[in-house]
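Subject: Structure for you to look at

Hello,

Here is the structure I promised to pass on. Please open it next to this email and read the notes below as you go.

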Amino acid sequence: MTGSTQTAVTRPPEPRWPATLTLIAAAGVHFVLPRSLVPGPPWIILGLVTILVALAIVARRRGKPIWNERLGYLALAVLTVALLGDVILLLWALPRRLESPKAMLGSAALLWVTNVLVFAGWYWRLDAGGPNERDFRETHVQGAFLFPQMLLPAAEAATIRGDESLPKLSWRPGFVDYLFLAFNTSTALSPTDVPVLSRWAKAMMMVQACISLTSVVVVAARAVNVL
């Protein structure tokens, strides 16, 4: 417990603004999608996610990490349900040709990007207890993902960071690391350079890969055929 307290004092907390901007961007995609592919008014998703994110920020600043996590989970759940609804509507609209092939291609690309953003948020929020727990650790040695930095010796890590005076490995993942992981999963349909250790992470990555496969390979290929 002493080490955790020292870590919280000596190291700055993980920045939250990249995840916040990502969630808002994922919600704002509904204003760009065709109306036939959006389940309900587009402002509902953006408004709900914005309110939940704002409340999560207030909860964290008031020292209530549990509520911060719950509100963060709820915002991600809303985005995930909306994403699944968008994909279903896209599949439903495709054979009926409710939108032009160009609009279908653009929608498939937007849903692919949204898929990356939403699951990056999930990985960031869930890995190793989430950012609130990771803030109390000097280094990242346990989690659902085995990042390459976790395998480097302390001397090599110090050299890579440009500071050979570092006494030990003090690397911790940030949001960009989880965004990169989600991008690779949607692109290669696999975790590439980051092995997956947890069962929940494997299940979520399978869901993400299925959405990516549907939105890009199936939908985009079908849209190209009718050009």
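One term before the findings: accessible areas here come from the Shrake-Rupley method with a 1.4 Å probe. Keep in mind too that this is a predicted model.

**Overall**

The accessible surface of the protein comes to about 11900 Å². Carbon and sulfur atoms account for 68% of that surface. The protein has 227 residues, and 43% of them are buried.

The protein contains nine helices and zero strands.

**Helices H2 and H3**

Next, look at H2 (residues 17-28) and H3 (residues 42-61). Their axes lie 8 Å apart, and the packing angle is about 165 degrees. Angles over 145 degrees count as roughly antiparallel, so that is how H2 and H3 run relative to each other. The crossing of H2 and H3 is right-handed.

Here is who makes the contact:

- From H2: Thr20, Leu23, Ile24, Ala27 and Gly28.
- From H3: Ile45, Leu46, Val49, Thr50, Val53 and Ile57.

What is the make-up of this contact, by nonpolar, polar and charged residues? Eight are nonpolar, three are polar and none is charged.

**Thr22**

Stay on H2 for one more residue. Thr22 sits in this helix. Is Thr22 buried or exposed? The cut-off for buried is under 20% relative accessible area. Thr22 has 10% relative accessibility, so it counts as buried. Leaving aside residues up to four places away in sequence, Thr22 touches Leu117 and Phe175.

**Ala128**

Now go to the loop between helix H5 (101-126) and helix H6 (131-134), where you will find Ala128. What is its phi? Ala128 has a positive phi of about 55 degrees, although it is not a glycine. Ala128 also counts as buried, because its relative accessibility is 15% and the cut-off is under 20%.

**Where to click**

For a quick tour, go to the contact of H2 with H3, then to Thr22 with Leu117 and Phe175, and then to Ala128 in its loop.

Best wishes

Key:
Residues are numbered from 1 along each chain as its sequence is written. This is a predicted model: local features need pLDDT of at least 70, side-chain atom pairs count only at pLDDT 80 or more; totals for chains, interfaces and linings use all residues. Side-chain values use heavy atoms; hydrogens and water are left out. Helices (H or I, at least four residues) and strands (E, at least two) are DSSP runs, numbered from the N terminus. Buried means under 20% relative accessible area, exposed over 50%, partly exposed in between (1.4 Å probe, protein chains only). Contact means heavy atoms within 4.5 Å. Axes are lines fitted to C-alpha atoms, for helices over the stretch in contact, and angles run from 0 to 180 degrees between N-to-C directions. Angles under 35 degrees count as roughly parallel, over 145 as roughly antiparallel, 65 to 115 as roughly perpendicular and the rest as oblique. A crossing is left-handed if the near helix is turned anticlockwise from the far one by less than a right angle, and right-handed if clockwise. Ala, Val, Leu, Ile, Met, Phe, Trp, Tyr, Cys and Pro count as nonpolar, Asp, Glu, Lys and Arg as charged, and the others, Gly among them, as polar.
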